[in-house]
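This report describes how one chain of a model is built, how its parts meet, and how it packs against a partner chain. The sequence and structure come next, and the account follows them.

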Amino acid sequence: MNSRKPREAPVPGAAPVPRGDRKMSPMAKAEQRAGLSLITPTLIIVVVMIVVPILWTIMLAFQQIRLLNLRTAGILGNYSLSNFAEVFSSPGFLEALIITLVYSVAGTGLAILFGLIAALALRKPFRGRTLVRAATLIPYVAPIVAVTFVWTTMLNPQFGIINHWGTEYLGWDRAVPFLSERQREVSFLGLTFTVPTALLTVIAFEAWRSFPFAFLFLTARLQAVPASLDEAARVDGATPTQRFRYILLPQLLPTIAVLSVLRFIWTFNSFDDIYLLTGGGAGTEVVAVRVYNFLTARGDIGAASAQALVLALILAVFVGVYLKFFAKKEEVS
Amino acid sequence: MSTEMQTRNGHTASSKRPWSRDRIEILVLTWLRWITIALILVVTLFPFYYMFILSVRPISGLLQDPGALWITAAEFSVDTYTAILRSPSEGGQGFLIFMRNSAVVALGTVFVTLLLSIPGSYAISRLQFFGRNKISGLFLAVYLFPSILLAIPLFVFFTRIGLRGELFGLLLVYVAQVVPVSIYMLRNYFETIPMSLEEAAAIDGASRLTIMRRISLPLAMPAIISNALYIFMIAWNEFLFALLFLVESRENWTVSLGLSQLAGSIEIPTTVLMAGSVVLTLPIIIIFFAAERLLTEGLTAGAEKG
């Protein structure tokens, strides 16, 4: 994801002196100054609005701060590990962490699977394909508040269209409260399973919302696969599924890997979707929603920061993996 | 098409037999493909169709027949839209004011972000200066970091300096969040512009500022416009920070926040709120279809923060 090629090309009029040398030509000095002055405003706003707040969160996580005693608390407060002790000893946090993991893994996996199916189905040109492609992207670009509101209305037990059809045509005994029921027994082929209703619903929403993103990336990659590969396999008598398995899939795997990491990172700390669909109830409280509740409902800034920090640390590992293994590979391809 | 080619060429022994694996697979996949395409269209578009249908029906009609998929001429009414758009003093929900707030914040974010990111991305792609790579790395890290982590200190900080509840505070947060993405996208574009053009201008004696304004900026215009639309969409759709900062001052609510806050209330009919959803979604859909090609390129290059 970094610059495609290291830019060593000389800049207009610059003298060919080695960079970073102590003795710099006046031109190189002027370039230094110009570069720094152009980037400084951005740097200031990013540092003030993002870097400093992140550092502050780290400090807050080690202090006993509530919204009520905020005004009296200073930088030299009492630092302790008690927030972390409290967070890790409460069963709610570990449960939230597990729910977050299940939600992210399932949501990411389904989104990529559906994105792959859509990309393959729309691979060959047909009349109106451009329009279908554009339509496919709408769930991803539409405002989150609007789409969650439509989903909650569609799934509403009283007048939602899904429950109406379910009870009318699919023979459901009763309307299913998709977003407010923790779990239910489902009989399938004579076996009875307990399924977490609300969690599955938010995972389905996540897959619907973000499969266009996977679709977009995979379509771009599919277009870059040389046609000759496919032709050669066809001449050799490979069937469509074989061509997919042995020709296309290996070509797509690096893209799928990048997508998995990116989508996982974003789903892992996503707040909006679950907050708007269930408010974190019925067994769907992910860490981000929990942090928000600690911050606003309880006003417990210290505990909220500690939990956000744990979330960020786990995430930092994933970002590190992403940068180390995938960011460079993408450059090459 | 491919079936014909297979039989005509008849390259392999298997494809000569009438029901080879190849032919069966092709037949099945051809059907599956069209079923999948139809399914994709239904799944992606139905919620939006449903949104529109509900927004022009009276609530009584919805409760009587929740399964109706079209509207009769007798039922059709746009009263829901007047109810949602009017200001509270006139008995409405004040969405017109929310739209103005959203537009102010989104356009302000676009303007300030571009003001920062155009020179910033130019510097990163064209100029050698101390710490350039570190700054690029910092921006990428910022882009991937969770916004909930920022939410806490910014909430505390804005409470303390009294900017909470102000649209300006929200604008600052949005700018800080999108500036790294914007710089990243624009930088990629600047790097595709040949250096020789700028060199030629430099030889003719043009100063750095003149080169930027007269050569680089016009060439980067397509990227800048798509970038602007993309930033507008992010700012218009944003929810978490609007919720944290503005929830207590109703006159400053954005459309997203307004809809989410009113969605919980029992007094407002669902159909009226659906009209609100349409009002919230429509600008985005219009922008998206107007600039689809530009935006999809931007999405793959920059990848929206989700």
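Two residues are taken to be in contact if their C-beta atoms, placed from the backbone, lie within 7 Å. The model discussed here is a predicted one, and in it chain B is divided into domain 1 (2-85) and domain 2 (88-302). The C-alpha centres of domain 1 of chain B and domain 2 of chain B are 34 Å apart, and 14 residues of domain 1 of chain B are in contact with 14 residues of domain 2 of chain B.

On the side of domain 1 of chain B that touches domain 2 of chain B, the elements giving two or more residues are α2 (21-55), α3 (59-64) and α4 (79-85) of chain B. Of these, α4(B) supplies the largest share, six residues. By class, the residues of that side of domain 1 of chain B comprise 10 nonpolar, three polar and one charged.

## Overall form of chain B

Chain B has 15 helices and zero strands.

Of the 306 residues of chain B, 43% count as buried. Among contacts in chain B between residues at least 6 apart in sequence, 70% join residues that are at least 24 apart.

## The contact between chains A and B

The contact between the chains takes 88 residues from chain A and 95 residues from chain B. Helix α1 (residues 26-61) of chain A gives the most to the side of chain A that touches chain B, contributing 19 residues, and this side of chain A is made up of 65 nonpolar, 18 polar and five charged residues.

## The largest nonpolar core

The largest nonpolar core has 161 residues, and those with the most contacts inside it are A:Ala214, A:Val291, A:Ala308, B:Ile152 and B:Leu170. Helix α8 (residues 167-190) of chain B gives the most to this core, with 15 residues, while domain 1 (2-85) and domain 2 (88-302) of chain B each provide at least three residues to it.

Which residues of chain A are in contact with B:Ile152? Leaving aside neighbours within four places in sequence, B:Ile152 is in contact with A:Thr57, A:Leu60, A:Leu295, A:Ile301, A:Ala304, A:Ser305 and A:Ala308. Of these partners, A:Ala308 is itself listed among the residues with the most contacts inside the core.

Key
Residues are numbered from 1 along each chain as its sequence is written. Chains are lettered from A and ligands numbered from 1 in the order in which they are written. This is a predicted model: local features need pLDDT of at least 70, side-chain atom pairs count only at pLDDT 80 or more; totals for chains, interfaces and linings use all residues. A nonpolar core is a set of buried Ala, Val, Leu, Ile, Met, Phe, Trp, Tyr and Cys residues joined through C-beta atoms within 7 Å. A residue is buried if 20 or more other C-beta atoms lie within 10 Å of its own, exposed if 12 or fewer, and partly exposed in between; C-beta atoms are placed from the backbone. Helices (H or I, at least four residues) and strands (E, at least two) are DSSP runs, numbered from the N terminus. Domain bounds come from an automatic or database domain assignment. Ala, Val, Leu, Ile, Met, Phe, Trp, Tyr, Cys and Pro count as nonpolar, Asp, Glu, Lys and Arg as charged, and the others, Gly among them, as polar.
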